[in-house]
Amino acid sequence: MTEIDTSSPLRQDPPQFPMERKCPFQPPAEYAVMRAEEPVSKVTLSVSGKEMWAVSRQEHVRQVLTDPTMSSNFKHPGYPLQVPVPDDILQAMELPLVAMDPPVHGRHRREIIPEFTLKRMQALTPRIQEIVDQHVDAILAKGGPVDLLTELAIPVPSLVLCELLGVPAGDIPEFRDFAETTVRSDVTPQEVGMAIHQMDVYLDKLVTSKEESPTEDDLLGRVVLKNKEEGNLNHREIVALARMLISGGFDTLTNMIVLGVAALLEHPDQLAQMKADPELTRNAIEELLRFLSIADSAPSRVATQDLEVGGVKIKAGEGIINLTASANRDETVFENADQLDIFREIGLHSAFGHGVHQCPGASLVRVELKIVYDTLFARIPNLRLAVPASELPFKRATLIQGLDALPVTW
Amino acid sequence: MALSVHRERCIGSGTCVFTAPDVFAQDEEEGLVTLLTDGTDHVPAVRSAVERCPVAAISLDED
């Protein structure tokens, strides 16, 4: 018998990645199989055909993300790049914070740490409340059904972030177009390259205007002023920092709003208890971050030294995809992991990542989501979906999970 | 019980301040972790903060 048995699992090519969500609230079904059968396994990136490691259990995701020998540099040929960016544009890019390695990463991150403390974000509460109230006023005036995505979930995070950074309101729509194109996987490499370029041109102009008229009133202004004195970052590095904050703070919050509201509406008993006791919202947000895992598989790494993860040998130069959405459903960590339970004791979830690259905007997310959820459900207590949940149009082709519309009425 | 923080390792994620706000804070200047108390009145929250710190910048010796 000399024929090769092509039905043997050992002979099959690794499965394609990314894998598809069949429902916006559940990670791809394959993740559970990987956790159970082969928690450190190979996948094939659809965008490039390159083989990568995928890590699916929480302990292994934590190990990789806290390992100081891992690199986040997406210019490395072994890095699991999930976006079709032409190599010449990729190599010419200023590395954003998420792609920097220590010690350069620490130098840049320290510029924004004092800007995103929990206390500072809580101080933004009155302004965020004002923005949310204005939009809920407009929704009530308009009458249902409305699309909560366009009426609330897109404008609120945009306005909050642009206010924080000092971006003029008139420029926001332009920004959102750039940001969305760069995270989509159903666009051509040329379109992605063009969007990245346009965003760079715009942010370059914005930072230049801050340099010409320094101000203490916004984050970019303060970073510019500080660097005039200390000279830690140059102009291009400040532009890269701005781009990272904008692309990281738009789609993530937008989709946590629409998916979070939809998930709560689908669990009316839990929502009723949350409405009765807004103290519960704080815990509900942590649970929604875990349950929805909208960043799915965002923090990738490339090994710079040989290592072993879960008994599997990974060689220097090989790329690793960290399935944070899978880590957040790890049955050995979370009881009834596939159930939304806003009463669940807050434990360690992977929604913001682990290690030195953990999301610097986590405090903003917590403060902003609390205001949005509390205000929406208090002011429109009879809010309900205007279409069956199974008909909600969810984004299938992007790295950040979300909805293309959230029709609601009351 | 001995609670200590390692500011040289801290990345200012704010997780500890969120988890145990009576024990941990971030300073205005650098945004890095500082201690408000020795944590003895909030042991469960401190344990959770230790577990959740993304860079192991909090040490708790309960002996």
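## Where chain A meets chain B

Between chain A and chain B there are nine residue pairs in polar contact, both residues at pLDDT 80 or more. A polar contact here is a pair of N or O atoms within 3.5 Å; within protein, one must be able to donate a hydrogen and the other to accept it, and residues adjacent in sequence count only if both atoms are side-chain atoms. On the side of chain A that touches chain B, helix 4 (104-112), helix 5 (118-123), helix 15 (280-292) and helix 17 (362-379) each supply at least two residues. Helix 17 of chain A gives the largest share of that side, three residues. Helices (H or I, at least four residues) and strands (E, at least two) are DSSP runs, numbered from the N terminus.

The contact draws 22 residues from chain A and 23 residues from chain B, where contact means heavy atoms within 4.5 Å. About 1,800 Å² is buried between the two chains, and carbon and sulfur atoms give 48% of this area. Buried area is the accessible area (1.4 Å probe) that two parts lose on being put together, summed over both.

## How to read the model

This is a predicted model, in which local features need pLDDT of at least 70 and side-chain atom pairs count only at pLDDT 80 or more, while totals for chains, interfaces and linings use all residues. Residues are numbered from 1 along each chain as its sequence is written, chains are lettered from A and ligands numbered from 1 in the order in which they are written, and side-chain values use heavy atoms, with hydrogens and water left out.

## Charges across the interface and over rings

Two salt bridges are counted between chain A and chain B, each being a side-chain nitrogen of Lys or Arg within 4 Å of a carboxyl oxygen of Asp or Glu. B:R52 and A:E286 form a salt bridge through their side chains (3.0 Å, N to O).

The charged end of A:R366 sits over the ring of B:F18, 4.2 Å from its centre. Within chain A, A:R290 lies over the face of A:F334, at 5.0 Å from the ring centre. For such a placement, NZ of Lys or CZ of Arg is within 6 Å of the ring centre and within 35 degrees of the ring normal.

## Around A:S72

Let's turn to chain A. A:S72 lies in the loop between strand 4 (70-71) and helix 3 (87-92). With a relative accessible area of 2%, A:S72 is buried; buried means under 20% relative accessible area, exposed over 50%, and partly exposed in between (1.4 Å probe, protein chains only). The side chains of A:S72 and A:H357 are joined by a polar contact of 3.3 Å. Beyond neighbours within four places in sequence, the contacts of A:S72 include A:Y79, A:M100, A:D101 and A:R301.

A:F394 sits in the loop between strand 10 (384-385) and strand 11 (407-409) of chain A, and is buried at a relative accessible area of 11%. A:F394 and A:K22 are 372 residues apart in sequence, yet 9.4 Å apart in space, C-alpha to C-alpha. Not counting residues up to four places away in sequence, A:F394 touches residues including A:R21, A:K22, A:C23 and A:P24.

A:V61, in helix 2 (residues 58-65) of chain A, is buried with a relative accessible area of 0%. Leaving aside neighbours within four places in sequence, A:V61 is in contact with residues including A:N322, A:L323, A:T324 and A:H354.
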